[in-house]
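The following paragraphs lead the reader through one protein model. Please keep the sequence and the three-dimensional view at hand while reading.

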Amino acid sequence: MSDLTFKIEGEAQTAARLAASAREFIIVIDEPPALGGDDRGANPVEYLLASYAGCINVVAHLTARELGIKLSGLKIQVEGNLNPARLFGKSDDERAGFKQINVQFLPETDASQEEIENWIATIKNRCPINDNLANPTPLKFNLIHELVTN
């Protein structure tokens, strides 16, 4: 199969809020007032956790069908903790990102424990967001400088 390319474009609305477009969808990313925002959307790390849950959901349903697992419901909770000291320029002692991300996977199924464990291993193996979070991904930051003249 050939590669798929996904793209978003965003523009700052305030120092804490970004309006991004993904295909025909508008995504508002903001911070709560305690972090300098207006609370008009989830913040960036909440979107990361939500995108992980969304990816797990898609892959879980796809692989359940393939493995013959009957699924009558699925709840996914994703939680992560981070120390904001680096974000706010207070300390470089800890990384800026999540220290750990925990997934609570609550399927409604009559599958055996062994089938569920195999299914979860398959989900983790095939979920693109899981792969990006678990493994280093090359990041390229390109600056396109627009000269502002007065």
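Asp30 is buried, because its relative accessible area is 0%; buried means under 20% relative accessible area, exposed means over 50%, and partly exposed lies in between (1.4 Å probe, protein chains only). The model is a predicted one, in which local features need pLDDT of at least 70 and side-chain atom pairs count only at pLDDT 80 or more, while totals for chains, interfaces and linings use all residues. Residues are numbered from 1 along each chain as its sequence is written, and side-chain values use heavy atoms, with hydrogens and water left out.

Asp30 forms a salt bridge with Arg17, and their closest N and O atoms are 3.8 Å apart; a salt bridge is a side-chain nitrogen of Lys or Arg within 4 Å of a carboxyl oxygen of Asp or Glu. This pair links distant parts of the chain, 13 residues apart: Asp30 belongs to the loop between strand E3 (25-29) and helix H1 (44-67), and Arg17 to the loop between strand E1 (9-12) and strand E2 (18-22). Helices (H or I, at least four residues) and strands (E, at least two) are DSSP runs, numbered from the N terminus.

Arg17 is likewise buried, because its relative accessible area is 9%. Arg17, Asp30 and Asp38 are linked in a network of salt bridges. The side chain of Arg17 also makes a polar contact with the side chain of Gln13, at 2.8 Å. A polar contact is a pair of N or O atoms within 3.5 Å; within protein, one must be able to donate a hydrogen and the other to accept it, and residues adjacent in sequence count only if both atoms are side-chain atoms. Leaving aside residues up to four places away in sequence, Arg17 touches Glu11, Ala12, Val28, Ile29, Asp30, Asp38 and Arg40, where contact means heavy atoms within 4.5 Å.

How many salt bridges does the count come to? The count is six. One of them joins Lys7 to Glu9, with the closest N and O atoms 3.2 Å apart. Lys7 counts as exposed because its relative accessibility is 61%, whereas Glu9 is partly exposed because its relative accessible area is 47%. Arg86 forms a salt bridge with Asp92, the closest N and O atoms being 3.8 Å apart. Arg86 counts as partly exposed, at 36% relative accessibility, and Asp92 counts as exposed, at 57%.

Attention now turns to the helix H1. H1 has 24 residues and reaches 34 Å from its first C-alpha to its last, close to the 34 Å expected at 1.5 Å a residue; the expected span is 1.5 Å times one less than the number of residues. Just after H1, Gly68 takes a positive phi of about 75 degrees. The buried residues of H1, among them Leu49, Tyr52, Ile56 and Val59, pack against E4, E5, helix H2 (113-126) and helix H3 (128-134).

Phe88 is placed in the loop between strand E4 (71-81) and strand E5 (100-109), and Phe88 counts as partly exposed because its relative accessibility is 44%.
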